[in-house]
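The following report describes a single protein chain for readers working with its coordinates.

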Amino acid sequence: MNALLASWARSEVLAFDCLFRADGTAREADIDGPEHLRLELGGPVDVAALAADPPWDAGSVEVIDEV
């Protein structure tokens with residue numbers, strides 16, 4: 001299980017400005033909003049390094065496997 005899925009299994013989400021994917025990859029994300037939502041993607045992010053290097057904030061989420 002990758003670091004991202006492990007955090008999701010604990011109902012945690014890493015609090016970084018990134019677009020996280022279930023395959024364990026992520027890209028930097030510049031999000032401007034809420035009035036004029038704009039999402040600009042940057043380079044790849046090492047999710048395992050982010051998760052392994054506290055301190056970082058994690059939010060609690062409810063994981064739902066339906067769309």
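Apart from neighbours within four places in sequence, Arg 38 is in contact (heavy atoms within 4.5 Å) with Asp 30, Ile 31 and Asp 32. Arg 38 belongs to strand S4, where strands are DSSP runs of E with at least two residues, helices are runs of H or I with at least four residues, and both are numbered from the N terminus. With a relative accessibility of 34%, Arg 38 counts as partly exposed; on this scale buried means under 20% relative accessible area, exposed over 50%, and partly exposed in between, with a 1.4 Å probe and protein chains only.

The model is predicted: local features need pLDDT of at least 70, side-chain atom pairs count only at pLDDT 80 or more, and totals for chains, interfaces and linings use all residues. Residues are numbered from 1 along each chain as its sequence is written, and side-chain values use heavy atoms, with hydrogens and water left out.

Glu 28, a residue of strand S3, is likewise partly exposed, at 46% relative accessibility. Its contacts, leaving aside neighbours within four places in sequence, are Asp 17, Cys 18, Glu 40, Leu 41, Gly 42, Gly 43 and Val 45. Between Glu 28 and Leu 41, which are 13 residues apart along the chain, the C-alpha separation is 5.7 Å.

Two strands count as paired if DSSP finds at least two bridges between them. S2 and S3 (residues 26-32) are joined in the antiparallel sense by three bridges, while six bridges connect S3 with S4, also antiparallel. Individual bridge partners are listed below.

| Residue | Bridge partner | Strand of the partner |
|---|---|---|
| Leu 19 | Arg 27 | S3 |
| Phe 20 | Ala 26 | S3 |
| Ile 31 | Leu 39 | S4 |

S2 and S3 form a hairpin with five residues between them, and Gly 24 in the turn has a positive phi of about 95°. Gly 24 lies in the loop between S2 and S3. Beyond its neighbours within four places in sequence, Gly 24 is in contact with Asn 2, Leu 4 and Val 47. Gly 24 and Ala 3 are 21 residues apart in sequence, yet their C-alpha atoms are 6.8 Å apart in space.

Which residues make up the largest nonpolar core? Its seven members are Leu 4, Leu 14, Cys 18, Phe 20, Ala 26, Val 45 and Val 47. Such a core is a set of buried Ala, Val, Leu, Ile, Met, Phe, Trp, Tyr and Cys residues joined through side-chain atoms within 4.5 Å. Not counting residues up to four places away in sequence, Val 47 touches Ala 3, Leu 4, Leu 14, Phe 20, Gly 24, Thr 25 and Ala 26.

At the level of the whole chain, two helices and five strands are present, arranged along the sequence as α-β-β-β-β-α-β. Of the 67 residues, 15% count as buried. Among contacts with a separation of 6 or more, 32% come from residues 24 or more positions apart. The accessible surface amounts to about 5,200 Å², with 53% of it belonging to carbon and sulfur atoms; areas come from the Shrake-Rupley method with a 1.4 Å probe, and for residues only the protein chains shown count as cover.

The mean pLDDT, the predictor's confidence in each residue from 0 to 100, is 76 for the chain, and 75% of its residues reach 70 or more. Among the elements, S4 has the highest mean pLDDT (88), and strand S5 (residues 58-60) has the lowest (59).
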